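Subject: Model for your files

Hello,

Here is the structure I said I would pass on, with notes on what turned up in it.

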Amino acid sequence: MGGSRGNYNNPPKTLKQLEQEKENRINHEKFDADLNQYIKEQFQRINSRDVEGINKHLETLKNALEKDIEGFVDLKFGGSVNKSTYSTGISDVDMLVQINNCQLSTAKPNEVLQLFKEQVQKRLPKTDVKIGKLALTVKFASGHEIQLLPSIKTETGYRIPRPGENKWSNTIRPNKFAEKLTNVNKANSNKLVPLIKLMKNINSTLPKHRQLSGYHLESLAIDAFKNPANTPKTYKGMVEHFCRHAERAVLNPITDSTGQSVHVDTYLGNAKSPERQRASNTFKQVLKRMEIANRANSLDAWKEILSGK
């Protein structure tokens with residue numbers, strides 16, 4: 001009798017219901033395939049950059065900085081280009097300007113930046129050149145913005161300007177972070193770096209007060225995918241996983257492995273600060289939109305999310 005009650009409570013599905021379930025499954029599989037292909041194409045699009053044009057600008061800047069300066073000045077990729085997470089129009093091309101055995105080695109950061117600006121403007125009088133808190137930003141007519149960050153080379157790393165103090169920092173190791181990112185990227189079939197670029201694009205469309213730093217996004221990605229055996233492999237799955245992880249992870253500070261500061265995200269304050277709550281809510285809203293788009297099998301809705309609309 002128990003079996004009869006079970007059949008009564010769960011009557012067999014009709015042929016129409018089975019056909020509808022099959023159709024829904026096929027539609028969702030097609031949606032997943034189309035979305036993964038679209039995200040893959042976005043990865044390929046934002047992954048391209050004008051290497052020849054950037055190198056030409058860098059050579060011009062190197063010649064400008066070396067002129068009238070005794071000793072050896074060299075340029076070394078230190079930002080998103082070094083970490084391969086540069087995205088045309090989004091990331092600045094950060095360059096470490098190594099100062100070796102010249103009169104600038106004993107100068108204060110502001111003095112070095114002022115000299116850099118004068119040297120660049122002599123060579124490029126019509127180019128927009130500005131001194132920021134830490135670096136010199138040179139904006140070329142091509143659209144590329146190159147940030148020149150002065151650094152004093154030491155035996156174990158580099159010393160860069162300390163924010164707001166006009167002093168040199170403790171020794172930092174920028175290559176240590178780049179190596180970590182490279183290793184995690186390889187462990188995830190080289191999909192992590194393109195994912196970071198996509199998230200940087202989305203981040204750049206947010207209001208300024210809701211944007212995270214590029215370094216912070218990179219650190220979140222490393223943490224989210226450090227155990228590849230437990231993370232999704234599809235493009236869609238990786239985007240969703242990053243957002244779910246970031247929603248929780250932004251609530252607490254992340255230790256800075258380069259030694260530049262204690263945490264990579266000090267700009268958000270202490271754990272669970274209002275700024276961190278706001279960042280978490282941003283990811284929560286994105287995830288909710290993704291869930292709605294998935295239920296509707298809407299590729300257009302996903303396109304809006306990925307474009308930051």
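In which hand does α8 pass α9? The crossing of α8 with α9 is left-handed, a term used if the near helix is turned anticlockwise from the far one by less than a right angle, with right-handed used if clockwise.

Some ground rules come before the rest. This is a predicted model, in which local features need pLDDT of at least 70 and side-chain atom pairs count only at pLDDT 80 or more, while totals for chains, interfaces and linings use all residues. Residues are numbered from 1 along each chain as its sequence is written, and side-chain values use heavy atoms, with hydrogens and water left out.

Overall

The protein chain has 10 helices and eight strands; these are DSSP runs numbered from the N terminus, helices being H or I of at least four residues and strands E of at least two. Of the 309 residues in the protein chain, 43% are buried (buried means under 20% relative accessible area, exposed over 50%, partly exposed in between, with a 1.4 Å probe and protein chains only). Take the contacts (heavy atoms within 4.5 Å) between residues at least 6 apart in sequence: 60% of them join residues at least 24 apart.

Helix pairs

Helix α8 (residues 235–249) packs against helix α9 (residues 274–295) at about 145°, and their axes are 8 Å apart. Axes here are lines fitted to C-alpha atoms, for helices over the stretch in contact, and angles run from 0 to 180 degrees between N-to-C directions. On the α8 side the contact consists of K236, V239, E240, F242, C243, R244, A246 and E247, which meet S280, F283, K284, V286, L287, M290 and N294 in α9. By class, the residues of this contact are eight nonpolar, two polar and five charged (Ala, Val, Leu, Ile, Met, Phe, Trp, Tyr, Cys and Pro count as nonpolar, Asp, Glu, Lys and Arg as charged, and the others, Gly among them, as polar).

The axes of helix α6 (residues 192–204) and helix α7 (residues 214–224) come within 10 Å and cross at roughly 140°. α6 is therefore oblique to α7 (angles under 35 degrees count as roughly parallel, over 145 as roughly antiparallel, 65 to 115 as roughly perpendicular and the rest as oblique). The crossing of α6 with α7 is right-handed. L192, I196, M199, K200 and N203 in α6 meet G214, L217, E218 and A221 in α7. That contact divides into five nonpolar, two polar and two charged residues.

Strands

Strand β3 (residues 128–131) pairs with strand β4 (residues 136–139) in the antiparallel sense over four bridges; strands pair if DSSP finds at least two bridges between them. D128 is opposite K139 in β4, and I131 has L136 as its bridge partner. The two strands β3 and β4 form a hairpin with four residues between them.

β4 also pairs with strand β5 (residues 145–153), again antiparallel and over four bridges. Here L136 is opposite L148 in β5. The hairpin of β4 and β5 has five residues between the strands, and G143 in the turn has a positive phi of about 105°.

Two loop residues

N166 has a positive phi near 55°, in a residue other than glycine. N166 lies in the loop between β7 (161–162) and β8 (167–168), and counts as partly exposed because its relative accessibility is 26%. N190, in the loop between α5 (174–187) and α6, also has a positive phi, near 60°. With 48% relative accessibility, N190 counts as partly exposed.

Regards
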